[in-house]
Structures are given as structure tokens and as C-alpha cells.
Amino acid sequence: MGTIIQDPGLTDKARVFHDRCDAGKKLAALIRQERIRENALVCAIPSGGIPVGVEIARELALPFTILVVRKLQIPWNTEAGFGSMTWDGKVYLNQFMVDRLSLSSDDIARAVEKTAASIRERTGLYAGYMKSLTRIAGKTVVVTDDGLASGYTMLAAVRSLGDMGPARIVVAVPTGSIAAATLVAAEVSMVICPNMVTGASFAVANAYGYWHDLSDREVGDQLSRVDETGFF
């Protein structure tokens, strides 16, 4: 079981970050405090994780890359998922949700096909920012997103990364449910999550004063900041 680092003063609090960039800067301070910068690489999950990851990379002068991971959407509720698929084609099911929703093999196959198409599109979009994935072996990999809800998207990311031989994996997210953080911590060295939420109800957006779904243009603007500072 990996260590979970949180800020007790932020437990169950709402609107603790102005936006994703503010959250990334505050995460960077915690990462510096834990002294895990040596031989490290920042890996961000798009789209929401990109502003967070860019700020961490800028603040700590670390290399930056992108991990394309997408949830497998529930057919009748595309905002929710029953598992995830990674950039390298691996599928991870939340078997509890599959059973609870009585999803058929055809339901799963259709969701996988749809998700694979989305991953191909995003991989093409971010291909230039994924080159550092070839240099994972032996490094401390800091994986980030804008929050942990169920934790299954992050779990898929760290399991695929684990097959690439990193020295250790650290998950750094601004906010998360205690259940998701505990689930992920079982498979990584450390989870850094300052705004931990212990209640049954959780929404990533609640941690932010300013929140919206990022457009491709906004993501591109964030990525240009990495290029300009030479950390890519």
C-alpha cells in the first residue's frame, strides 16, 4: 500500500483551488516537499490533467508527457463509465459496475470500439507530446489529473505505466474521494491529494472556484507553455 499525502486543513472543503493551474502550482509545492523530483517525469491525463501537469512541470522544471486514457462509457449514461482504456490498447473493466449494470459482452464490445476510436483521435492530436513515454524505464513517474472520482481511469494509467519499468509511480491530484485514493494507492508508491473528500458524494468540480470542460484550443494554449519553457 502506497503512502497517501493529504492536507488535513483541506479535507472535505469545497472551492479550495481557483482553477486547474492554481491546483497544479499547489501540487508542485507538495511534490517538492516530498523530495521526489530527481530523475522524475510528469505524465498528464487529458484534458483536465494537462493544465495541472503543465504547472507541475514548469514549477519543478521536469520533462512532461501525456497519457491518453479514456473511460468506457455506460451506453445510456455517457457521463459515467464502467472501466477505462489506455493509449496502448489495454482495457480495464470495473467488474463491480459491469455486474451491477448487467452489461452484455456486446455492450462492452461496442463501448471498447467507440473508446478505441476516441483514443486514436487523441493520440494523433497529442502525438508530439507523447515522445517521452519511450523514456519511462527507471524513472520516477508523476501521474496527474484534475481529480480522482472512481479512480479507475487513473488505475488504468498506472497499470499500463507499470509494464514499462518505472522506478516508482507517484499519483498527484488536487482532489479526490478517499475511496478512489485508497484504490489507487494500493498499486503505486504514493498518492498526493491535498483535498481529500470522505463523504459518499464526490464531484471533481466542487474543488474549484472556476471550472469548465476544456476546449481543444485551451488545451493547445496550455501545451504551448511547456514548449516555450523547454521542459518538453
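The structure holds zero disulfides. Select cysteine 21 to begin. Cysteine 21 is in no disulfide, and the nearest cysteine sulfur, in cysteine 193, is 18 Å away. That distance is too far for a bond. Cysteine 21 counts as buried, at 17% relative accessibility. Cysteine 193 is buried too, with a relative accessible area of 0%.

Keep in mind that this is a predicted model. Colour by pLDDT. The mean for the protein is 91, and 97% of the residues reach 70 or more. Among the elements, strand 10 has the highest mean pLDDT, 98. Helix 7 (residues 216–229) has the lowest, 79.

Six of them form an open sheet in the order 1-10-8-7-2-3, with parallel pairing. Which strands stand at the edges? They are strand 1 (3–5) and strand 3 (64–66). Each has a single partner strand, so one side of each is left without a neighbour in the sheet. On average, neighbouring strands are turned by 25° against each other, direction ignored.

Zoom in on strand 8 (residues 168–172) and strand 10 (residues 190–192). The two pair in the parallel sense over three bridges. Find valine 171: opposite stands valine 191 in strand 10.

Helix 1 lies across strand 7 (140–144), strand 8 and strand 10. The helix runs at about 140° to strand 10.

**The salt bridges**

Switch to charged side chains. A search of the whole structure finds seven salt bridges.

Select arginine 225 and glutamate 55. Their closest N and O atoms are 2.7 Å apart, in a salt bridge. Arginine 225 lies in helix 7 and glutamate 55 in helix 2 (residues 49–60), so the pair ties together parts that are 170 residues apart in sequence. Arginine 225 is partly exposed, at 22% relative accessible area. Glutamate 55 is buried, at 3%.

Move to helix 4 (residues 105–126). Here arginine 110 forms a salt bridge with aspartate 107, with the closest N and O atoms 2.9 Å apart. The two are three residues apart, so about one helical turn separates them. Arginine 110 counts as exposed, at 52% relative accessibility. Aspartate 107 is buried, at 18%.

Then pick glutamate 187 and arginine 159, which meet in a salt bridge at 2.6 Å, N to O. Glutamate 187 sits in the loop between helix 6 (178–185) and strand 10, and arginine 159 in helix 5 (residues 152–162), 28 residues apart. Both are partly exposed: glutamate 187 at 38%, arginine 159 at 32%.

Last stop: select Asp88, Lys90 and Asp163. A network of salt bridges links these three residues.

Note on methods. Residues numbered from 1 in each chain as written. Predicted model: local features only at pLDDT ≥ 70, side-chain atom pairs only at ≥ 80, totals over all residues. Heavy atoms only, no water. Pairing = 2+ DSSP bridges. Helix = DSSP H or I, 4+ residues; strand = E, 2+ residues; numbered from the N terminus. Axes fitted to C-alpha atoms, helices over the stretch in contact; angles between N-to-C directions. Contact = heavy atoms within 4.5 Å. Disulfide = S-S within 2.5 Å. Buried < 20%, exposed > 50% of the residue type's maximum accessible area, 1.4 Å probe, protein only. pLDDT = per-residue confidence, 0-100. Salt bridge = Lys/Arg side-chain N within 4 Å of Asp/Glu carboxyl O.
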